[in-house]
Amino acid sequence: MRNTIVSLISIILGLIAGGLLMLFIGASPVEGYTYLFQGALKNISRIGDTLATATPLIFTGLAVAFAFRTGLFNIGAAGQMLIGGLAATAVALTMDLSRPILILVMVLAGIIGGSLWAFIPGLLKARFNVHEVVSTIMMNWIAYWVVYYIVPANFKGGTETESKLISETASLKMPLLTEMFQGSYINMGIFFAVLAVIVIAFIINKTTLGYELKAVGFNRHAAEYAGMRVNRNIILSMLISGALAGLGGVALYTGNASSMQIGILPSQGYDGIAVALLGANSPIGVFFAAVLFGILYSGTGFMNAMIEIPPELANTIIAIIIYFAATSVLIQRVFNKFRNTKTNSNDVAGPVGKKGES
Amino acid sequence: MKKRKFGLAMSLILAAGTLLGACGGGDKDTGKDNGKDAVKIGMVTDAGTIDDKSFNQGTWEGILLAKEELGIQEKYLKPAGTTEAEYLKEMGNLYDAGYKFIVTPGFKFETAVFKAQDKYKDAKFVILDGNPHSGDFKPVVKDNTVAIFFAEQESGFLAGVATAVELKEGEAGFIGGMEIPAPQKFNWGFQQGIKYANENFGTNVTIKAENVIYQGTFSDSAAGGQIAAQMYDRGVDVIFTAAGGVGVGAINEAKTRAKAGDKIWIVGVDVDQYEDGKYDGDKSVILTSAMKKLDVVTLDMIKRELDGKFPGGETLTFDAKNDGIGLPEENPNLSDETTAKVKEALDKIKSGDIKVAAEQGSLFK
């Protein structure tokens, strides 16, 4: 409950800051925000696009949040997405199976690809205490160049920079859904995302595994003292986190898009960090945070087309809203301060707060 | 203490907000100078920014020319990514906002335009460097769309001739962005141009395989600077860049060296990059630029649309014959002799005496 309030305050602060910027550049914030939300939600097709935009963000947000809970900062969601997407695309382009089985295999490939990419930093962290921030970032670039090499070499489409288009059988897009949303690119990825939210919420809150992971996150040494296998839990947490990001890649490359492009690190990987922060690292929170981001990203273009501002500024407005939204940690602090004004200000922000400091 | 700082910061922000907000509000109306019934021309940008010294910029400058000459209302949107869905989304945004003439620069728009031309039947589309298709590369240009190509190889050829004639002897290099058709054709044309000059004008400029490099992106200007540095260290005198932002890095490296007294050059691409290569006042490292006249062509398409002569359904190629490519009018770094020789080569391309191949053949990369 308190987390929700904190998040809501950060969103409002973000909107105010964005509105101030609009004033700076001579546009009316009311008008701007009206168009922003119209652009995202005006008709059924735009709503579909918004949900589809949010889908990969739900996955990456979950991935980052899950690792956060174990005290790990997974910045490598982008690379894990790439490899997950690459694995799924490879399956889609090479295997000739019936649709349900093909999609199942693609999803599994995405999970394996993503978790493999997160396994290495997890192992390095557990065995040699290599900081995961560094190693996951490095893995991002390895993934970037792996895709850069593999796609043109093995799955080259009509142009050098893109893979072949996957067939309709392999696409996560469903004709029924597309029709329902009047030509939107929404796809079954959103169902997978909702499912993932439920499963992860269950793991974190209701299982021994989740309890152990959280314990490691709160205090590694205490967890070790209590007889938990810290190293195993670190690796496991990274594996699950990577699998989620990999699924995000599947949703992005075989759902929202239908080919892989080289030379691009998906921005959703980094946005996942902001989504996780805003969602206070809870699966449900992540879901709503991702949908909000989806609205912002979908609405920008329309806002931009309707009011007289250059696109760079429109993007800046969105960035500012996100920036403020991601400062929920700060607001949590202020919140705490007000509550214990007279007692000493020992902070109890939990693992997130600690992470924010380091 | 902390609280006081925070309070100060907040009040500053608020004060600034009210002040600037107030002056911002004033000029709001002047922004829409072209009135409500001006024709609305929209553009969706490709990967990269609007001032990329290349595709986006060239196209956008054409639209701005049209604004000056024809009083249209202009707007560009920058998609969040480069997938078909994101391109389509921005086209839809333009369309919904009343921009029913949409220019898209780059082959990446091919499948998006293919879908858009059916979805928005009362809108017009111009795609530069590409042909709309459904993903199978069978071009389908509907009546509300024009596909435009450029003969980059001829532009590269002219730059090659200019380089060889101006330098007489030396070593040339090439930096490309991605290994995709447009930079490739520039490269192959450039090599053919140098060869032609060596054979016909008695010059002796060489180009080695190791000095023909595709960096792999159009954005990594740091890498462009490094590659250029390596080439210059290997004794290269002039580098032709067809690489967007990577080329900008190479130009900066060249400027640093030129300031230190080195005699090195860059050949620019797409637009006249002379201004970007300026150092020490009025000197520039840009020998010349192999241009694709994106601005002229874009303006031309808008003009034709306003005259009611939009060439819908056609695929047009702009080359030397219709002045769609070429070197800049003014080349302060080229001698009169070079300009004359380039003119000679240009006339021969126009008359068909010189045929510039758009394929690799025996050329490097």
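Predicted model: local features only at pLDDT ≥ 70, side-chain atom pairs only at ≥ 80, totals over all residues.

1. Which strands does β5(B) pair with? Strand β4(B) is joined to β5(B) by four bridges, and the two run parallel. Within that pairing, Thr145(B) in β5(B) is the bridge partner of Phe125(B). Strand β13(B) also runs parallel to β5(B), again with four bridges. There, Ala147(B) stands opposite Thr315(B) of β13(B).

2. Zooming out, these strands belong to an open sheet of six strands in chain B, ordered β2-β1-β3-β4-β5-β13 and paired in parallel. Its edge strands are β2 and β13 (315–318) of chain B, each of which pairs on one side only. On average, neighbouring strands of this sheet are turned by 20° against each other, direction ignored. One more pairing to look at is that of β3 (residues 101–105) with β4 (residues 124–128) of chain B, which is parallel over five bridges. In that pair, Phe101(B) stands opposite Lys124(B) of β4(B).

3. Ile302(B) sits in helix α9 (residues 294–306) of chain B. Is Ile302(B) buried or exposed? It counts as buried because it has 26 C-beta neighbours inside 10 Å. Leaving aside residues up to four places away in sequence, Ile302(B) touches Ile41(B), Ala66(B), Leu70(B) and Ile72(B).

4. Chain B has another open sheet of six strands, with the order β7-β6-β8-β9-β12-β14 and mixed pairing. Its edge strands are β7 (204–214) and β14 (325–326) of chain B, each pairing on one side only. Strand β12 (residues 286–292) of chain B runs antiparallel to β14(B), and two bridges join them. Lys292(B) stands opposite Ile325(B) of β14(B). Helix α5 (residues 152–167) of chain B packs on this sheet, touching β6 (169–176), β7, β8 (238–242), β9 (265–270), β12 and β14 of chain B. The direction of α5(B) makes about 165° with that of β12(B).

5. Now for chain A, which has 16 helices and zero strands. Its radius of gyration is 21 Å, close to the 21 Å that the globule rule gives for 358 residues, so chain A is as compact as a globular protein of that length. Taken along the principal axes, its C-alpha atoms fill a box of roughly 65 × 55 × 35 Å. Of the 358 residues of chain A, 53% count as buried. Among the contacts in chain A with a separation of 6 or more, 79% come from residues 24 or more positions apart.

6. How do the chains meet? The contact takes 28 residues from chain A and 33 residues from chain B. On the side of chain B that touches chain A, α1 (2–26), β2 (73–77) and α3 (84–96) each supply at least two residues. Helix α3(B) gives the most, with seven residues. That side of chain B divides into 12 nonpolar, 11 polar and 10 charged residues.

7. Helix α13 (residues 283–306) of chain A packs with α3(B) at an angle of about 35°, their axes 9 Å apart. The crossing of these two helices is right-handed. Gly301(A), Phe302(A) and Ala305(A) in α13(A) meet Lys89(B), Glu90(B), Asn93(B), Leu94(B) and Asp96(B) in α3(B). The residues of this helix contact divide into three nonpolar, two polar and three charged.

Definitions and conventions
Residues numbered from 1 in each chain as written. Chains lettered and ligands numbered in written order. Rg over C-alpha atoms; globule rule 2.2 N^0.38 Å. Buried ≥ 20, exposed ≤ 12 C-beta atoms within 10 Å, placed from the backbone. Contact = placed C-beta atoms within 7 Å. Nonpolar A, V, L, I, M, F, W, Y, C, P; charged D, E, K, R; others polar. Axes fitted to C-alpha atoms, helices over the stretch in contact; angles between N-to-C directions. Left-handed = near helix turned anticlockwise from the far one by under 90°. Pairing = 2+ DSSP bridges.
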